[in-house]
Amino acid sequence: MGLRRISYFYILIFSPMNDKTTIVLDNILNRKSVRNFTGEPVTKACLLVLLKAAMAAPSARNRQPWAFVAVTERGTLDALADGLPYTKMLYKAGACIVVCGDSTIDLQPGATDLWYQDAAAATQNILLAAEAMGLGAVWSALYPYPERENHARKILKLPVNITPF
């Protein structure tokens with residue numbers, strides 16, 4: 001066992017690694033952003049697994065200030081792509097999950113603006129789960145761009161306290 005400095009992070013190196021460790025690390029290291037999709041539908045079962053992975057993400061004080069919108073309707077996917085500059089891949093996607101933050105769930109009194117950290121962790125879990133399932137996925141930011149947030153909020157009919165991430 002040794003300690004090695006990589007960039008600004010320190011990683012503890014264990015040896016030997018077991019099969020489970022290798023599988024997990026391979027998944028993390030092989031994850032990639034996919035922007036070209038087949039248009040094949042994503043099953044409800046697959047979406048549920050992705051959502052469960054998202055909700056298994058760490059959350060400060062376990063407050064879980066997130067909301068998720070799974071979109072499978074072609075018209076809604078296209079409407080999102082129409083108004084979001086970096087989501088044109090949605091025209092060919094079978095589904096998308098819009099990760100959102102709920103500003104009514106505060107970490108502690110007065111700390112309502114930390115939801116995005118938990119949303120980022122949930123998003124990463126979705127991306128890793130998609131990789132493990134053989135699905136293509138990409139993260140496209142809506143927050144902190146008010147014009148993008150407002151477009152998604154309008155298309156998805158989200159209340160004001162729910163911010164698309």
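## Overall fold

Residues 24 or more positions apart account for 64% of the contacts in the chain with a separation of 6 or more; a contact means heavy atoms within 4.5 Å. This is a predicted model, in which local features need pLDDT of at least 70, side-chain atom pairs count only at pLDDT 80 or more, and totals for chains, interfaces and linings use all residues. Residues are numbered from 1 along each chain as its sequence is written, and side-chain values use heavy atoms, with hydrogens and water left out.

The chain holds five helices and five strands. Both are DSSP runs numbered from the N terminus: helices are H or I with at least four residues, strands are E with at least two. Along the sequence the pattern reads β-β-α-α-β-α-β-α-α-β. Of the 165 residues, 36% count as buried. Buried means under 20% relative accessible area, exposed means over 50%, and partly exposed lies in between, with a 1.4 Å probe and protein chains only. The accessible surface of the chain is about 10400 Å², and 58% of that belongs to carbon and sulfur atoms. Areas come from the Shrake-Rupley method with a 1.4 Å probe; for residues, only the protein chains shown count as cover.

## Nonpolar cores

The largest nonpolar core has 21 residues. Such a core is a set of buried Ala, Val, Leu, Ile, Met, Phe, Trp, Tyr and Cys residues joined through side-chain atoms within 4.5 Å. Leu50, Phe68, Ile97, Val99, Ala122 and Ile126 touch the most other members. Four elements each supply at least two residues of this core: helix H2 (44–55), strand S3 (66–71), strand S4 (96–102) and helix H4 (115–132). H4 gives the most, with eight residues. Apart from this core lies another, of 15 residues, including Leu80, Ala93, Ala152 and Ile162.

What surrounds Val99? Leaving out residues up to four places away in sequence, Val99 touches Ala67, Phe68, Ala119, Thr123, Ile126, Thr163, Pro164 and Phe165. Thr123 lies in helix H4. Thr123 is buried, at a relative accessible area of 8%. With the sequence neighbors up to four places away again left out, Thr123 touches Val99, Trp139 and Phe165.

## Helix H2

H2 has 12 residues, which at 1.5 Å a residue should span 16 Å. The expected span is 1.5 Å times one less than the number of residues. The end C-alpha atoms of H2 are 16 Å apart, which agrees.

Leu47, Leu50, Leu51, Ala53 and Ala54 of H2 are buried. Seen down the helix axis, the buried residues fall within an arc of 155°, so they line one face of H2. The arc is that of the directions from the helix axis to the C-beta atoms. Cover for these buried residues includes S3, S4 and H4.

The face of H2 turned away from the buried side carries the exposed residues Ala45 and Lys52. Lys52 counts as exposed at 62% relative accessibility. Lys52 and Asn125 are 73 residues apart in sequence, but 9.2 Å apart in space, C-alpha to C-alpha.

## Cysteines

How many disulfides does a search of the whole structure find? It finds zero, with a disulfide taken as a pair of cysteine sulfur atoms within 2.5 Å. The sulfur of Cys100 has its closest cysteine sulfur in Cys96, 9.9 Å away, too far for a bond. Cys100 is buried, at 0% relative accessibility. Cys46 is partly exposed, with a relative accessible area of 22%.

## Backbone exceptions

Most residues other than glycine have a negative phi, and most peptide bonds are trans. Which geometry does the peptide bond from Tyr143 to Pro144 have, cis or trans? That bond is cis, with omega near 5°. Pro144 lies in the loop between H4 and helix H5 (146–156).

The loop between H2 and S3 holds Arg61. Arg61 is not a glycine, yet has a positive phi of about 55°. Arg61 is exposed, with a relative accessible area of 61%. Gln64 lies in the loop between H2 and S3. Gln64 has a positive phi of about 50°, although not a glycine. Gln64 is partly exposed, at a relative accessible area of 32%.
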